[in-house]
Amino acid sequence: MNKIVSILLICCLFACGTGSDVPAPPSLKLAKDIQKINFFLDASASMEGYIKGATNFSKIIPSLLVNIENKIEFKGKSISISFVADSIIPYKKSTKDFINDLATTVIAKDNSSEMNKMIEMVTDKTDVNDISLFVSDCIMSYPDKDIKAESEINKNKAEGGLKPLIQMAFSKLNKKGICATVYGFNSNFNEKCVYYDYQNKHNNIPPNIKRPFYIWAVGNKVLLQKFNKQLNDLPSFKPELSMSFGLFEEPISKFDILYKTNRIGEWEVEDNSTISDIQVTKKQSVKFAIALDLSPLPEYAKDANYIKSKLQIEKKECVANVFEVKKIESSDVSKAAPKEKEYLEKATHIITFELTDLYKKGSITASMPLQYDLSYREWSTMDDKNVSSISGKTFAFQFLIDGVRDSYENNNAKFISFSVNLNK
Amino acid sequence: MFKFLYELLCGKNVDPTYATDVYPFVGMFTLLTVLLFVALFYVALGRWKPVWYNLKHWFVTLIILLVFGFFLAFTKSKEVTGEDTHTSFMWKLAFVNVLFTFIYFLVFSLLFKKISIFAKHTPF
Amino acid sequence: MTKNIFVFGIGGTGARILRALTMLLASGVQLNETNKIIPVIIDVDAENADTSRTLKALEAYKIIRQRGYGEREEIKEGFFNANLNTLSSLSPETDNSSDKVEDSFQLHFDNLETTFIRYIDPHEELVDTINMDFLEALYDNTPVGHEKYSYTELNLRLDKGFKGNPNIGCVVFNNFSKTKEFQFVLKSIGKNDRIFIISSIFGGTGSSGFPQLIRLLQEKGEIKNNIIGALTIMPYFNVTDDKKSAINSDLFNSKTEAALSYYADNLRGKVNCFYQLWDKPLKQYDNKEGGVEQKNNAHLIEMIGATGIIDFINKSDGSFKDKVTQYFDFGIKKEDAVIDVRHFHNVTRETILKPMTLFTYAMKVYLEKIPSFNKQSFYKELELGDKLTKDIFYQNLTAFFDVHYRSWLKEMIDNERKFQPFNIDLDLNSMIREKQIEVKKIFGITKEGGITESFLIEKLGLIEDRLKKEIPDAEKEKRFLRILTEISNECFIKLEQLPSIV
């Protein structure tokens, strides 16, 4: 009898021990750290004006490269730099040499470049655990010969022709599991260099006119988020525009109920989405707080006031409202219970609800619709012939971004969506 | 089940980990330990040799178990909630567990004493 | 063939030997194929202290056995297993209820509250007749008016024993046969039953009664063929000189010689087994003429005499020869100032001394240890708290152990020749003389403590628990007797074996 029992026990131990995780299929094997950082510089002729001379561009880009190599954690440790125009031309020397060469040699040679093709080339070179940076002025254009054939083609076909091309290019990225973030900067343009308008006629840009350039960061969701955070932590990195695509496919629905912080009234946590034994009367309302991790959201959507104004509450069998929304970093959480501190470490925001009436069993469903910041439209113009009117604007930029949006579109249209069940 | 018993005497605590972790663990461990000791006292020792069987021994066993019950509840509640110091609720819980330990011991004693040889009339 | 045994103990010696027999049977000595053993005390000295002591022991035995084992079951081993019972417990062959006898172990003589002369001649018809002269010639040669006149044999009060005068005893015994009790006895003796008669040669009552009894029994046709055994004890003590007493131990030896030759002539062939015992008289008893003061201490010889009875009972049916008397005596291994277990040969060791040892262990455990175990669970299970003092069974058991058995052992220790098999006042490890149960210690820690209190508590607890399943609560006394038997066995295991002479 005793023998049988001990044999059974040993068998149990073995069974437990060998329950390892199912290995992921090789193609989706996601690493915890960034394996490689690629840097692609648009080498089309229109870029020359940014590179040459004492432009903002020529300060930002080298500084970025240096910071990345020094401050950001990635396994490759040196950035692999390439030029991209018709094809990808790897730059074989060091980053330091590149910075020197940027200042001294002529980089941009080719004439026009097709955005969608460049995006596709970047896509091909980006592995699932890489971060790729693509610096460009993002001016969409048909090839020269098409413009010669029809001079208004860029204007007329921006939405119908160019945008779908962009959409397709970014869809390829999406299929590879790669998301994108675009950062917009303004720089002065070297007045000696040429600017080509939508009819491919060249102009010079006066010194007071700012020309935007964009840095695209692409990578898988987890690594890109990490990378973005690190970028944003760099004190010298201050983009004037920032938008992310694909980083938040699902609305944020996870939350932790804080049983002590901001607690008013009698209630008990029953499970991680239910509050029970609520004692609420007309005279005595009840407050409870939840902690959420909203880090995947774009910066504007993380703003406490933005959230408070945009958060919609659907109430069932109860009367409730959002009492307060606060970022954790600006809250005093020293008095939180130890268990709560664990939650607060993983979260970014605290939302406090106020419940003033409850029938028997109810729920609060909170959601914040996904709205893109449309400020990117201000960076767009459809007529760049008059150079004095294009400061801070890029031709057809709106359609470029729309195309990117479309490729990452999903039916879900919410940033945040969660439910809290309430029982009396 | 244990949740009901403890909340009955201690009142509810806002920290839900009491109900999910502390009460079941402390309740079950206390019950099983008392059962084990009672089985040892009445059956293993009580049927082998008269070395540990009379009223005095019973009281000593009881005291040991009460101390155990106290410290189990006291330390487990601090460990699970992660608090830095022992709260008054933890003290209350520890004393309530002492009471439960006593009740379990008494009930099991009365049930098991029939099986015993030397301890058949312990405690009465 | 199962049989009843009738044991007649005549006179003081008979009573004392029956007392020893009672002790041996209480200790569990086994009787083969025996149904009942009926002791009958025949003593005219109604107030004899020896007799009353024996009667009390027998009564206690009977009650203990009745309460402990009940009437129905056949018990063949353990303490008090022998069915020692009174005459009236036999179902008589006659239905006549006027034949019922008193439930007593003693047979009474009638009309003894008088002098010898009055007994013979109650209505004084013989005075001044020739028969009276004749009687006087026989029984008295003291001149009338002599200061000792009232002490002559004729003036002997019969109810105080025959005071060493067998000639008087014979006369009285003759009338004995006409008593209702004796008739009852004759009717009760069955075909296979055996008879045993105990007497002393030198005494008054015993020496006269023995041959008379044989004769009376032989007269009854049916009994003529029953197996008869007899035990006579020859002088083993002296009494102090006391001129006022009718007893004179100087005359003991001459009386012995006279009696032995009489037996040899007249009893040959009538007694199948004749046991004879003697020891060199070493002690002088106080010269008491009888009555409550004749209380002699128990003597080793009496115990040995009792073993003779047991030997007789356990003989197989085929070992007797018709009309031939077999003679038996008893020897020990060596003479000593103090006789103990070692001095006996193997058969006696096994059949008599081992049971006595067990019984003595039981006595000490019962009297000295069990009362102090009042907190133990076996004690409470058996409800000894109340019962030890209030229940008749336990009261009798206590009396038997303390008043009867313990005294019996002590008397034999104090007597000459000393018989001290047990140191009854020492602890259980030292109880057997010349064999100490060793206590073994290693580095000061007791490894083997012998018979200790914790040993007893453990064994008693285990035994009681086991027997509880066999013997239900309705029969707690029976269970208790079994417990005593088993605990004494456990003590004996610690002893390993009885001591022997190297």
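## Basis

The model is predicted: local features need pLDDT of at least 70, side-chain atom pairs count only at pLDDT 80 or more, and totals for chains, interfaces and linings use all residues. Residues are numbered from 1 along each chain as its sequence is written, while chains are lettered from A and ligands numbered from 1 in the order in which they are written.

## Contacts between chains

Chains A and B meet through eight residues from chain A and eight residues from chain B. Two residues are in contact if their C-beta atoms, placed from the backbone, lie within 7 Å. On the chain A side, strand E11 (266-271) and helix H11 (338-346) each supply at least two residues. Helices (H or I, at least four residues) and strands (E, at least two) are DSSP runs, numbered from the N terminus. That side of chain A has four nonpolar, no polar and four charged residues. Here Ala, Val, Leu, Ile, Met, Phe, Trp, Tyr, Cys and Pro count as nonpolar, Asp, Glu, Lys and Arg as charged, and the others, Gly among them, as polar.

Chain B also touches chain C. Eight residues from chain B and 10 residues from chain C take part. The chain B side divides into four nonpolar, two polar and two charged residues.

## Chain C

Chain C has 15 helices and 13 strands. Of its 502 residues, 43% count as buried. A residue is buried if 20 or more other C-beta atoms lie within 10 Å of its own, exposed if 12 or fewer, and partly exposed in between, with C-beta atoms placed from the backbone. Among contacts with a separation of 6 or more, 79% join residues 24 or more positions apart.

## C:Phe393

C:Phe393 sits in helix H13 (residues 392-414) of chain C. C:Phe393 counts as buried because it has 20 C-beta neighbours inside 10 Å.

Leaving out residues up to four places away in sequence, C:Phe393 touches C:Ile64, C:Arg67, C:Gly68 and C:Glu477. C:Ile64 is 329 residues away along the chain, yet the two C-alpha atoms are separated by 5.6 Å.

## Helices H5 and H8 of chain A

Helix H5 (residues 115-125) and helix H8 (residues 158-175) of chain A pack at an angle of about 5°, with axes 8 Å apart. Axes are lines fitted to C-alpha atoms, for helices over the stretch in contact, and angles run from 0 to 180 degrees between N-to-C directions. H5(A) and H8(A) are therefore roughly parallel. Angles under 35 degrees count as roughly parallel.

The residues of this contact divide into eight nonpolar, two polar and two charged. H5(A) contributes residues including A:Met115 and A:Ile119; among those from H8(A) are A:Leu165 and A:Phe170.

Definitions and conventions: Parallel < 35°, antiparallel > 145°, perpendicular 65-115°, else oblique.
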